[in-house]
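Colleague: I am new to this structure. Can we go through how to read its main features?

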Amino acid sequence: MKRFTWNKLTSRYPALFALTLLVLSVLINVILQPNMFARDTLNSNMRVFLPMVILAAGQAIVILGGGIDISVGGIVSIINTILATRVGLEGSAETMWQYVAISLLIGILAGAINGFFVAYLRLQPIITTYATSFLFAGVALFILPNPGGGIPTSISEFYRSSIPLGLPLAFYVIAIILLVWGFLRSTRYGNFLFAVGGKAQAAYETAVPVTTIQFSTYVISGLMAAISGIAITMLSGSGNAESGSAMTLNSITAVVIGGTALSGGVGGVAGPMLGAITLGFIQNIISFAHIDTWWETFAKASIIVAALAIPGVINLFRRRRP
Amino acid sequence: MTLSLSARNVVKRYEGVIALSDGNLEVNSGEVVALIGANGSGKSTMSKVINGVVVLDGGQLLLDNKPVHFASPQAAKKEGISTVFQELSLIPQMSVADNIWLTREPLDRFGRVRRKEVMARTEALIALFEGTIKPDLKPETPVSELPPDEKQIVEILKAVSFDPRLLILDEATASLDSRQVQRLFELVKKWKEEGKAIVFVSHRMEEIFRIADRYSVLRNGKTVGAGNINEITEKDLIKLMIDKESVFSYTRSESEKAEKPVCLEVNDVHADTLKGVSFYVNEGELVGIGGLRGQGQRDLLLALFGDIPFSGSIQYRGKPVHFRHPNQAMKNGFALVPGDRNREGLLYIRSILENFQLPSWARYSFPLKLGKARKDAERAGADLNLKMAGLQQPVSSLSGGNAQKVVIGKWLLRQPSLLLLDDPTKGVDVGTKAEFYALLTRLCEEGKTILFYSSDDEELIGLCDRVMVLHDGKIYAELAGSTLTHENLVAASLGVTEGGAR
């Protein structure tokens, strides 16, 4: 067992790094915010993290399949503006659920547009989804040029404070996503996903429906972005065409922290979800540390860069020794 | 189960270049047909026509005497035609089992893959090669962690798992060691008796005569001969392939071999797979490294070149050296032709010119001397008889033998004094091999020292002054002169007897 190295561990258990980082950030967080495991604090943290967790899960699927989706933030914005303008503060619960269903369809449609370009027209994923991200952001701005609108307070209250069986609502959502992923992973689709992301040419020669799989990852990502958009609308209770724009890069960061390689075919979905929670805690640490607002982005980015660099630094150190 | 497949007058063009102009092949259940030809003769294309990877432009494919048309590899697989690809069709990040059963996973009623069954089936397949592979090849091992020979075996198992009627082995033995080849041939014989048809594509004459029942020779896209293997000699077969006979005249003239000064002295080198290797090489000597695949040959060459960390001492021309970066080795006149030419030896999608200049670009910059660079590259290409359309062509467009010439050529431009070669003739056709042998002999006569690992025993015997046989990270035997025989070499490789004088 001489060769039981960190490298091998992380390659077999990609989420390990995310878990280590999560434990670290939780520890620091507990020091800064001693009551963070109190039910209300936990709930208020988790409900803020949830939209990013959902988004990261969708992004992870695309990246596992060898692509990348830069347009997820745009989709979040569209959903947010649609809900905020169509349902309204005075809307009924029925209208809300009706538009939730419509939102999911829009997410799937947006994902299908990405998937069509990338999988069927074989365009570069990063460029294509970068382009469509402007398309989606433009639609969001068209729907709601100025921040405003909203959804009924009762619904956002439901999202914000329901704790079935004493656990925050977010835990249940995360559990459902993990269960669905666990099932997908064990089906043939799961195998295909890893095959396409690993080496698409070889997968094709083995009769894997490469195009369909690629297409499907963008549809899933679009759907997850829509759910994320619904969550963020329920959280904020209002609409803003810019609400999703900062989320895209964070979702990719979460995936990388979560041990899912950008090259595709390695990793999973649990890791990126942990990564998203870690990012949330890092954000918390920054806010509690009373860092000047101007330095917030810098401090946050530094922590992320350092976190990403650690495995590489460990490797460098190992290589030096003969 | 029985099958008869016949390809008649097949034509295939790639963007105007004719790969096959008149390809013919006939194969029936219960026989092994060797598809032979130099690199670029169209035999890869021929096998791709049969397995549906490419669509033919002319001619006919008859399956069981009925015309067929394969639009995709899947269509051919449905008819029971399965291929072991030369360029591996495995997904590195996935496990052995997942790779073998990809797209044919057994499912339970919820659509989930039945892992246990997949593992058990894979165990059964791996057992076919038991004893010739390391015990750490398990169904759940990721393919990326396997050495090249075991990857090739997984590729073979994948093709066999289809239980095909026709199995195409395209250069499937190129990265296998002799024991693995032996096992594969036993299996091929068994499959043949079970009524499978087998098409065997190989460069190795000896293997063709060992396993094939019939042969079919391609030259420049045309089938130039076919018949029963026991009605033709090796020499005639080669003559058919290359149209010139001078291939096996590579054996070095037994000229005066005066004691030359020691060039390289290696003492107790340890690295990943090396467990204490010591030897010396004289100036102008051509020393071979033999043994089964993966016994440390690769690491030895990499350590000498400063590519991997090692412990132990190395003296080069009387001076102790310990390279920590290939750059230091290069400055001392070392050159390495690595084992995986497409990945390690070449910038695969870049031009021939760029590849030639890569190790010596410093000589042509500040100020930029593009004209001189081009001229030197052209001369190097001409020296090596490199067949190319132009220096701007990407290396990826060259055949295996020609690509290898670029790897060697880029080092020769630096005038190296010590060449380290890692199986340079792997996947290279007979004609080009002969050119390599002549080149190596010439380089030695010019006073260059060569350390040469080969998986081809005949090559080592015919070419080298001395052969060191590595076994399990140590030099097991050293063969020279009268002890340098095929028998001793094989025995020492297997580590069974004390072969040769030590």
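Modeller: Start with strand pairing. Two strands pair if DSSP finds at least two bridges between them. Keep in mind that this is a predicted model.

Colleague: Which residue of β17(B) is the bridge partner of B:Phe334?

Modeller: B:Leu418 is that partner. B:Phe334 belongs to strand β16 of chain B, residues 334–337. Strand β17 of chain B covers residues 418–422. The two strands run parallel and are joined by four bridges.

Colleague: How do I read the two faces of strand β16 of chain B?

Modeller: In a regular strand, side chains alternate between the two faces of the sheet. Here, B:Phe334 and B:Leu336 lie on one side. B:Ala335 and B:Val337 lie on the other. All four are buried, so both faces are covered, with "buried" meaning 20 or more other C-beta atoms within 10 Å.

Colleague: What domains does the assignment give chain B?

Modeller: Domain 1 spans 4–245. Domain 2 comes in two pieces, 261–333 and 417–502. Domain 3 spans 342–415.

Colleague: How many residues link domains 2 and 3 of chain B by contact?

Modeller: Eight residues of domain 2 touch seven of domain 3. The domain 2 side has four nonpolar, two polar and two charged residues. The C-alpha centres of these two domains of chain B are 25 Å apart.

Colleague: And between the chains, which element of chain A gives the most to the side that touches chain B?

Modeller: In total, 17 residues of chain A contact 20 of chain B. Helix α9(A), residues 188–198, and α10(A), residues 200–205, each give two or more. α9(A) gives the most, with five. By class, the chain A side has eight nonpolar, six polar and three charged residues.

Methods
Residues numbered from 1 in each chain as written. Chains lettered and ligands numbered in written order. Predicted model: local features only at pLDDT ≥ 70, side-chain atom pairs only at ≥ 80, totals over all residues. Domains from an automatic or database assignment. Contact = placed C-beta atoms within 7 Å. Nonpolar A, V, L, I, M, F, W, Y, C, P; charged D, E, K, R; others polar. Buried ≥ 20, exposed ≤ 12 C-beta atoms within 10 Å, placed from the backbone.
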